Each structure stands twice: as structure tokens, then as C-alpha cells.
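Morning, everyone. Please take a look at the model on the screen, and then we will walk through it.

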Number of protein chains: 2
Amino acid sequence: MTHRAAPEHTHPDKVSLITALDALGDPVRIQLVRELAASQEWTRSCGSFDVPVRKAALSHHFSVLRAAGLVEQRDDGPKRINRLRRTEFDERFPGLLDLVLRGD
Amino acid sequence: MTHRAAPEHTHPDKVSLITALDALGDPVRIQLVRELAASQEWTRSCGSFDVPVRKAALSHHFSVLRAAGLVEQRDDGPKRINRLRRTEFDERFPGLLDLVLRGD
DNA sequence: GGAAGTGTACGACGCCCGTCGAACACTCGA
DNA sequence: TCGAGTGTTCGACGGGCGTCGTACACTTCC
């Protein structure tokens, strides 16, 4: 009847510009954000992404994305499913997410 | 009759997103860009910025900004004067510079 | 109760980045 | 010609970030 501690989130409103730029200045995190944007909300578990890092590093990257207000997480059984905070983040940093999702 | 080697520039068109985000993900460089944006073009020499680093580090930061297509430099006597590549950079990364200049 | 699957926490390691001092190159004015 | 001013380069240093393996916590299914 115990349950996992809910992950700590930061709303984009309380995120500094530097934090946001640093969070998006990493290739692995950019890929996570892009894959997440291409999926339905609350459908992707952390382990379902095609990134070249092991799960410890992956967990770290999700922690950074949460702290930057980019990703919201919720527990669903043994998995932790994700959602890109598209509208909130875009309201705080207009155009930034579009830039990342537009690709090169 | 010798003259200094012209600084190496990179046009924003040839700059990757990661490079741009990394260049703007540093507080010193952000301040440089902001002060530069608040000044007339070709009026600010490298040493005229109010940043808490010595000239060696300052020179490095300007090198990064040039490589990211953010700053253009020209020699003017003993000084090296700067210009923010506002329109070119904005064309390559729409909204990104606005985000930085809007502040927090 | 056990086993498998999922994600986090911790300590360690390596590397890159920002910083500095010192030495050097160049320009201009005295 | 010499000195002052400006900026770059070099080597070195320290700290932080990304990564990993391991151990642990929690959930679900058998």
C-alpha cells in the first residue's frame, strides 16, 4: 500500500532562460523532446526512447527536463509516462520549442 | 605595412542549433549579446563591455559568439569593434534572439 | 512469496569548458 | 622610436556535466 514519491516538477514560469537553454543544449535531451513531441501525450514511458545512453543517464536527463519545465511525468504502474509541456513552455519562452521541433 | 589577420567568422546559415543554444547558454555571453543589442552597430570594442572576466576569457567568448554566427567583428585601429548579426541570425533561428533580448 | 520489469540514488570516472596569468602581435600617438 | 593601449594565443588549473555500474525501491504478474 506504499507508493512511490511523485517526481519533482518545475513550472516553466519559474524557469530561468539559462536553465532552459542549457536543458535544450544537449543532443540526447533534444532527441527526447522531439520524440516526445511526435507522440501522443502520456503514452511514452522513459525507457521507450531510442537514445544511446543507459538508464542511469536517461533518468538524469529526464530530471533535467523536468527542472526546466519541459516535461511532466506521472506514474502508471511500474512505468513512468511522460508529456511534453508544450503550451506552458511556449508561453514562457515563445518560439523556443518551435525552433527545436523544426529541426535543422 | 603588416596588418592583423581578419577574425574567422561563421555565417548563421552554417550554424547548428546545438551550437547556437550552447553559445547562448552562458551568462557572460548573454550579457555581451544584450549590451551589443542596446548599442549602435560598430561602436563597441571588445574591452568596452561590463563583464566580470579578464581579457583572455573575454576573447574566448567573442570567439564562441563569432563561431555561432552571433557577432561580426572588424578591426578599427588598435581596437576590434563589434556588430550583432541581428537579421541574419534571426532568419536562421527565428525568435531565439528575441527571447534572449527580451530578458527574463 | 518470488521473479521480472521499470526507474531512481549513489559513487566514481573522464572530459570538456570557463577562467587565469603570461607572453606575444599589432596600432597609434607622443 | 618608444611607450601605452588593445586583443589573441598558449599552457595550466579547477569545476561541472555526462556517463556508467551497482544497488535499491516499487509495481505487476505468475
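Start with the two chains. The same surface serves both: 100% of the contact residues of chain B recur in chain A. Contact means C-beta atoms, placed from the backbone, within 7 Å.

A word on the source. This is a predicted model: local features need pLDDT of at least 70, side-chain atom pairs count only at pLDDT 80 or more, and totals for chains, interfaces and linings use all residues. Residues are numbered from 1 along each chain as its sequence is written, while chains are lettered from A and ligands numbered from 1 in the order written.

Now the sheet. Helices (H or I, at least four residues) and strands (E, at least two) are DSSP runs, numbered from the N terminus. In chain A, three strands form an open sheet in the order E1-E3-E2, with antiparallel pairing. Pairing takes at least two DSSP bridges between two strands. Strand E1 (44–45) and strand E2 (71–76) of chain A stand at the edges, each with a single partner strand, so one side of each has no neighbour in the sheet. E2(A) and E3(A), residues 79–84, pair over six bridges. In E3(A), A:Lys79 is the bridge partner of A:Asp76.

Methods:
Two residues are in contact if their C-beta atoms, placed from the backbone, lie within 7 Å.
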